[in-house]
Structures are given as C-alpha cells and as structure tokens.
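Here's a quick briefing to read with the model open in your viewer.

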Amino acid sequence: MAGIRGLSGWVGVVLNAPDARALAHFYRDLLGWPMATDEPDWCTIGFPGAPANLAFQTESLYERPTWPAEPGQQQMMLHLDVGVQALDDAVQDAVTLGAELHEHQPQDDVRVMLDPAGHPFCLYVDTD
C-alpha cells in the first residue's frame, strides 16, 4: 500500500495556543508567508507553492511545553525546523518579533527558540 486510498496530498500542521491569532501573526511575520484564514480562535498561514498550511487553534487549557522534557511536565509534541542562511541575523530577527532564545543549545549550527506561546522551534543553517 502506498498510502491511504483517496489521499489528496494536502497536509496541515496545527499548533494550539492560548491566543491563536497572536501566534499566527508571529509566524506570519517570522516566515513572511500570507495569512489564509484569520479568525479569533482559528488562523492559517499558507506554505507558498505547497499543498499545506500551518494552522493555529485557541486552546483555553493550553500549557506551555517544557523542553528538554522533564518528568511530570507538559512535553513538546512537535517542533518546527526553519532553515536560514545567517543564523545570528535570524535569531536577532526572531527575538525582535517576540521569540526567546532557549538557554539549552545542543548544536553549534542550530538555535533552539521559543515562540510567544512557548513552542520550541529551531533555526538551523541550511547549506542547500
């Protein structure tokens, strides 16, 4: 089997947040991608040229994840990797937009960041 029957090829990733709109606008500004849906509790930004989107959903019971994982703490369910050409410049821009540089940095060519809702994301040097 080469996938489920009727698969359209479209994929979306949804991040929960205490404020979907605020987090969506952060990623819109970080990535420079257009908003596709902009509602108070559900927002999407499109991946240009791809059958996919990044969506944001308000979750009233949202808890910031802890990374690296710790017993008894809310754990990260996924993280985004974002390729950049100039790591220090990208970190500075992300911080200006509201991200935090995480204190734990396990690799020299990657910077672990936290978005305004506390989701970890990585900026990495993309050499391709």
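A salt bridge here is a side-chain nitrogen of Lys or Arg within 4 Å of a carboxyl oxygen of Asp or Glu. By that rule, a search of the whole structure turns up 3 salt bridges. Keep in mind that this is a predicted model: local features need pLDDT of at least 70, side-chain atom pairs count only at pLDDT 80 or more, and totals for chains, interfaces and linings use all residues. Residues are numbered from 1 along each chain as its sequence is written, and side-chain values use heavy atoms, with hydrogens and water left out.

**Salt bridges**

- Arg21 and Asp38 meet through their side chains in a salt bridge, at 2.8 Å from N to O. The pair links distant parts of the chain, with Arg21 in helix α1 (residues 20-31) and Asp38 in strand β2 (residues 35-38), 17 residues apart.
- Helices (H or I, at least four residues) and strands (E, at least two) are DSSP runs, numbered from the N terminus.
- Arg21 is partly exposed at 31% relative accessible area, and Asp38 is partly exposed too, at 36%. For these labels, buried means under 20% relative accessible area, exposed over 50%, and partly exposed in between (1.4 Å probe, protein chains only).
- Arg28 bridges to Asp29, with the closest N and O atoms 2.9 Å apart. Arg28 is partly exposed at 27%, and so is Asp29 at 41%.
- Arg64 and Glu100 form a salt bridge at 3.7 Å, N to O. This one links distant parts of the chain: Arg64 sits in the loop between β4 (52-58) and β5 (80-84), Glu100 in strand β6 (residues 100-101), and they are 36 residues apart.
- Arg64 counts as partly exposed at 40%, as does Glu100 at 39%.

**Asp115, a buried charge**

- You'll find Asp115 in the loop between β7 (110-114) and β8 (120-125).
- Asp115 is buried yet has no salt bridge; the nearest side chain of opposite charge is Arg64, 6.3 Å away. In this bookkeeping Lys and Arg are positive, Asp and Glu are negative, and His and the chain ends aren't counted.
- What does the side chain of Asp115 reach at 2.8 Å? It's the backbone nitrogen of Ala117.
- Leaving aside neighbours within four places in sequence, Asp115 is in contact (heavy atoms within 4.5 Å) with Leu23, Phe26, Tyr27 and Phe121.

**Aromatic rings**

- There are 5 aromatic pairs in the structure. Rings of Phe, Tyr and Trp (its six-membered ring) pair if their centres lie within 6.5 Å; planes under 30 degrees apart count as stacked, over 60 as edge-to-face and the rest as tilted.
- Tyr27 and Phe56 make a stacked pair, 5.6 Å centre to centre with 20 degrees between the planes. Tyr27 lies in helix α1 and Phe56 in strand β4, so this pair ties together parts that are 29 residues apart in sequence.
- Tyr27 and Phe56 are both buried.
- Ring pairs join Phe26, Tyr27, Phe56 and Phe121 into a cluster.

**Overall build**

- The chain has 2 helices and 8 strands, running β-α-β-β-β-β-α-β-β-β along the sequence.
- The C-alpha trace spans about 45 × 40 × 35 Å along its principal axes.
- Of the 128 residues, 31% count as buried.
- Among contacts between residues at least 6 apart in sequence, 49% join residues at least 24 apart.

Terms used: Polar contact = N/O pair within 3.5 Å; in protein donor to acceptor, adjacent residues only side chain to side chain.
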